[in-house]
Each structure stands twice: as structure tokens, then as C-alpha cells.
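Subject: Structure handover

Hello,

Here is the structure I said I would pass on. My notes follow below it.

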Amino acid sequence: MENKMNSTTNTAVPKPVSIRRRRRAFRLSERQGWGIGAVLVFLAGWELFGSSGSVLARYISKPSQVVQAGAEWLSGGDFYRHLQISLQEIFGGFLLAVAAGVLGGLLMGRSRIIRGLFDPLVMALYATPLVALIPLLIIWFGIGVGSKIAAVFLFAVFPVLLNTITGIRQVDPLLIRAGRSFGASEWQLFTKILLPGSIPAIISGIRLGWGKAMIGMVIGEMYVSTAGLGHLISSLGNSMKMGDLFFVILIVAGMGYVGSNLLLRLEEKVMVWREEALGK
Amino acid sequence: MKSFTSWIRKREQLLLGTLGIILVIAVWQLISDLRLINPFFISSPSQILKTAFNQTVNGDLLEDFWITVVEFVVAFALSVVLGITIGLLMGLFKRVEYTIDPFLWFLYSTPVIALYPVLIIWLGLGFATVVTLGVLFTITPIIINTFTGVTQTSPVLIKAAKSFGANRRQILFKIALPSAIPMIVTGLRIGVERTLVGVIVGELFSANAGLGFRISYYGARLQVSSLFVAIVLVIILGLILTQSLRLLEKRLLKWQEF
Amino acid sequence: MTHVSVRNVDIVYKNTEGEDFLAVSGVSFEIERGEFITIVGPSGCGKSTLLSAIHGLLKPARGEIRIGDQPVTGPSQNRAMVFQEFALMPWRTIEENIWFGLELQGKKKDERRAAADKYLKIIGLKQFRKHYPHQLSGGMRQRVGIARALAINPEILLMDEPFGALDAQTREIMQAELLRIWEEDRKTVFFVTHGIDEAIYLADRIIVMSARPGRIKEIIRVDIPRPRTLEVKETAEFGRLRRHLWELLHDEVAASAGW
């Protein structure tokens, strides 16, 4: 080792690449090991306790039961009907929220006056638990799909709106000045400088909005509905079909996770493009 | 005249904001009075005020308000104590972090409210369930922020403390904890909002008292004015709580550069 | 009388990928009590690592470091460090930062306050005692860092490029300030720096290190009489030393930059 170190290079001689790769494939990192271990222990404990005869056991089900229930649900038609309704509600509300949020955000971000007028209302609503408004939405839009779309819209619109406003406002004023000095009109400034400059923030807001959209859908359906995943959660819970309940909860958690992940990747991609564009 | 315009300019946002609120209330009242939309669905500011007055005089409005506040305080206090402790333990001991991490992630992604039937069986309707829901909603950001705050302690500060002979306990209490406070406070700020949501959601589904319960009760009976009264109170409560925390934040963090 | 003795010290460091490399190799020297030693060398030559080892924050892979007749086994309150990034606790007032070391030792409040008073006076920042670090300029913050180190009354002061983060003028003023404070007590000082002028101005002897792995290239004696004002930087003797140091370092700096 010493002899190699005597050279005036600054780094140690790295190991050959092929050896490094092979080693890594066989070893789980310590972090993964403990994490997976803990989950396995938990599942095992759950299974054991759920199999015991105690009264409580009936109320918490067990992993094998959840899997079984899941298999039944996935093979039946009912599940997909509920899934479809929920998806309709989420996408309907979410798309509306993105449209309104981005539009409103652009307006409020660009104009001091509009921002000043609406700021207190937006901030007051943002600080409230929006669940409190769900019964009102039910009165306005009925117990069907309409009120859920409204709920999703309400929950998702704020992150999008606020992030868009921030995005517009933090565009480098130097760029705006530069654009003006090249004779750009207001519209051109908007489309060529402000909009592209705020896209990362907007996408970030959209990603946060997705999480909230899911919550809006679930809580709305759980409160009052005739169909959908949230409706399932409510009715399964009330009839104490715990295995089925946990399965549906997993599906919902999964949807949230997948959506967030996809949007996160999109966000990161946009960041990369941005870096490259700025580099040029 | 010049001083007037500059006076306006300084307070521009404040004036516009007030104007915005007044406009909304005025337009609302107008739409209702002119029956452009059926007042049954939207009530009106005057009607809401009247209802609020009656309900306050009868006493039960304030009682429900108070119940919600108490549930909030208990849930928040529990979340803070548990959350900071767990976050600290995770920050100190890698093994603890690795073990708890997957559960934390799961708690964060699941709609906790879905578990309320289970909670009702265990804990019955009312206080205990609502508080538990509140804690489950809130504890995750507090844990995460505490953990991040502690693990991001500046290595230079730790080196400096070691160079003056600090032992492990001293480094924890005199360096790691104080330097984590800004992040912890942010976590608390997020937590305040989430506790309120958790408590209201809990009351909506599984309580027989409190503001959330009133919302559910009047919503079911289509009594829109009373519904609005409860909603407005929830909004006011939310504003009070967030602003109080903002003040607390300023007090605690006076050593930061602004 | 020999105060610090370093013999055949090798120090091994782990880089960010967890691989070992030799930071310092075969270093030996003996320092008398009350000497002001500066350590110069190119970036990455291990000077800060050497300083940490003398303090006891790092253990040498080979060789031995002794202070007095005791081997160094860990940090001790006999030695105090001053950092380039100041390393002040932002949530503590200036006063509280200064008595930090004493607090760790369990000293009572009166004692701590008295010590803080004394050193606040020495560094001339008495009216800032209740201020926070962010309210102070870089030079002032480093004065606090120095006061904090002095407050525990160490035998040895270890200073790791303490003026590196300051602008040129403040740097000069701080050099003179440091010497003024040092003259009162004449502790043994190890001062790591990049700057040639700084190294010569402050030192009784200069340890010149090579590029990584750091070895001692030469130990130069500075015979300029004390007390030294900033004007000595204009003298012929200073110029000679400067040229000599520059020649020594020139090759090393080029080597470590990959030429």
C-alpha cells in the first residue's frame, strides 16, 4: 500500500470495477437488513397473534387473511367497479385542480393587486382542515361522484396554487430585465421567461397536490358515498371484515405512493433539463 | 397628497386584503338576498352571524368549541413528546432508525382515517379515538423533522465540542439538540395543522361532541347556516393556532439570521 | 525545554469512499515551550490532520506524540483549538460561547462569567457580550473563537487556518492582534496556514510540509526580533525568507495541483 501512496496523485488507487460490482450485489446494506427484518418480524408477530383465539385477534385480522381477501377481490368484478369510480373522481378533480391552480397561480403570481385581494382568503382556507367543508360539498353536489370530484378539487388546488405563485415570483428578476431589454412584449415575457422559469415549482406543487387529492377522495367517499374505494373502506370497516379492509387500505396507500413517485421522477427530469438548458 | 399615496403603498397588501374580504362578504350577501343562488344552499353572512349569536347564547356552541380545543391540546402534546423522543432515538441510534423507518413511511402514506372502525371498537366513540387519530396524523412529520435536525448537526461544531473535551452526553444536549431546534420547530408548525385536521376528522366520523361533530350533525340535517357557523369557527381556530405557533417560532429562533 | 515531541508519525485517513490513504508520513519534530510554530504547505498536505493528531482528536497509525512527558491519547483540556469556520454555536451569545469550555468542565456560573469578562476585555469585544454570532463580522467572530480557546487556559493553542475565511485587511489586523494577545502569555502555538507572509510574520519557526502524503520538507527559523509590527513585512530579512519559502512551496503546490 505504501508504495502506491508515494506517488503525487491525490487519491488512493481504486479497486477494479468488476470486483466492486460483484461484492455489492451479494450484500444487503445494513439499513435494508434491519428494515426488512423489522417488517418480517412485525408480519410474523401479526400472523401469530391474529391466529390466536383471543377476542382482539378477530379485530385485527392477519397477513394471510389479507392476502386471501386480496386474491378474492382482485378476481371479482366488484373491486374494479369501485376502483374505476375512485379513479374517475381523483382524475376528474385533480385535473380541474391543476388547471385552476396553475391559472390562478399565474394570475396571482403576476399581479400584485390580484394577489393582495385574494391572499387572506387563500391563506385562511389553506390553514383550515378542508375535511370540515366536505359536508357542505355534499349538500351542494349530492352524495354521488360530483361531491367527491369537488372534494378532490378542493384538497388538491391549494398546493398547486401556492407553488405556482411562488414559482412565478422567484423567477430571476435579472432574466425579466434582460427580456425587456430585448424588447419582449408582456405576453412574450410571460410565455418565454416566466412560464418556463416556474415549471419546476409548478410540478412540485402538482406532486404535493396528488397526495392531497388522494386524501380528499378517500375521506369524501368514507363520509358519504355509494361506491368507490373509500366507500369500501367504510362499509368493510363497519362490518368488521378486517382482512378485506386492510387489503383496500394497501391498495389506496399503493396508489398514493405510485402517483407520488411518478411525479417525483417527472420533477427530477425537469430539473435535469433545466440544468442543461441553463448550462447552454 | 404625496404622503397619502406613499402611506397607501406601504400598506398595500394589508388594504387589498381587507378589501378582498369585504368584497367577498358583500358579494355573498348580495347573491343571497337577490336569490341569484338559492339561499338554502349558501346561507348569507347576516344569517350566519344571527345563528352564531343564538348558539353562543344557548351555550352549546362554546362548549363544543372548547371540547375541540382540549382534544387538540392533548393530541398535540402527546405527538410532540412522543415524536421528538422517537426522532431523537432514531437520530442517535442507527439501528433504531433502520427498524422504525419502514413503519414510518407506511404511516405517512396511508389514510389513517381508514382505521377508524378499529379504533372505535378499541376506544369507543369520543375523546380517546379523536385524540388517537390526531396523534397518528401528526406524529410523522415531527419524528422526521426531529430526526433530520439531529442528524444534520454541523460536523465542525461537533469537532469543536470534542476538542474542548465534550463527552457523548454533552455533545447531545449542548450541540445536537440546540442545533436541531429550528427543524424541530418547523416540524411542530406542520404538526399543528395536522393535529387540527386529525381532530376534526376524528370528530366528523366518530364523536358526539366538538366542532367536527357539529359539522357532521348539521350537515346531515341540511341546516346550512349552523353548518357554516361551525365551519367558520374551525377556520378561526386554525388561524389562531398557526399564528400562535409563528410567534413562538420567532421567539425561539431569535438567534437566527433573518 | 521540550514541550511537544512528534516522532515518526504516520496518519492514515479515510476518504469519502471509505478507502484508506496516507495523509501524513514520517513526521518528526520537537517544540520548545512558548514557541510560536507555523505550519505551511500546499492544499491537502495533511497540516490540519497533523494538528488534529497533536490535539488528540486523531490517533497516528504509527509513531508517537508526546506533550511534556505524557503521550497524547485523546483530547485534553490542556490544549485548545481555533477553527477556520469559527465553529461558534449560533444559538449562544458571545459570552456563552466563550465560557463553553469551562461549562464542559463543570465550572460554576460566577467563575465562568469572570473568565468571560476577562477574555472579552482582552479581545476588545466587551460591549458585544450579549450579542449573537450572526450579528458580528468575521473578524469579530474569530476573536470570540480565540477567546473561547484561551478561556480554558490551555498550555497549547492549535489554530487551523483561523484567518482563512477573512478578507485581506481584516486578516492583517488579526495577525497583529493575535501576536499582541500572545505576548501576554507566550503559550505554545501551532498555527496552520496557506499564507507565506502570515507564516513568516507570526512564527519563531516554520514547518514546511510537502504535498500529500505530507512530509516535513524543512524547518525554518525566523530570527526577526519581537515584538513585531506589521511593518516588518517590508524588511529585507522578511523578503529573503519569503523568497526562500516560495521556492520551497512552489514545486509542492504545482505537484499537488497535478502539474
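Into which domains is chain B divided? There is domain 1, covering residues 2-42, and domain 2, covering 45-252. Their centres, taken over C-alpha atoms, are 33 Å apart.

Please keep in mind that this is a predicted model. The predictor gives the complex an ipTM of 0.86 and a pTM of 0.78. For chain C the average pLDDT is 90, and 98% of its residues score at least 70.

Chain B meets chain A through 41 of its residues, which are in contact with 39 residues of chain A. On the chain B side, the helices that each supply at least two residues are α2 (12-33), α6 (94-109), α7 (116-123), α10 (168-206), α11 (211-220) and α12 (224-252). That side is made up of 26 nonpolar, eleven polar and four charged residues.

I also looked at α12(B) by itself. With 29 residues at 1.5 Å a residue, α12(B) should span 42 Å, and this agrees with the 42 Å between its end C-alpha atoms. Its buried residues include B:Val224, B:Phe228, B:Ile231, B:Leu237 and B:Gly238.

Chain C has an open sheet of four strands, ordered β2-β1-β4-β5, with antiparallel pairing. The edges are β2 (20-32) and β5 (70-71) of chain C; each has a single partner strand, so one side of each has no neighbour in the sheet. Within it, C:Val12 is opposite C:Leu22 of β2(C).

Regards

Definitions and conventions
Residues numbered from 1 in each chain as written. Chains lettered and ligands numbered in written order. Predicted model: local features only at pLDDT ≥ 70, side-chain atom pairs only at ≥ 80, totals over all residues. Contact = placed C-beta atoms within 7 Å. Nonpolar A, V, L, I, M, F, W, Y, C, P; charged D, E, K, R; others polar. Expected span 1.5 Å × (residues − 1). Buried ≥ 20, exposed ≤ 12 C-beta atoms within 10 Å, placed from the backbone. pLDDT = per-residue confidence, 0-100. Domains from an automatic or database assignment. Pairing = 2+ DSSP bridges.
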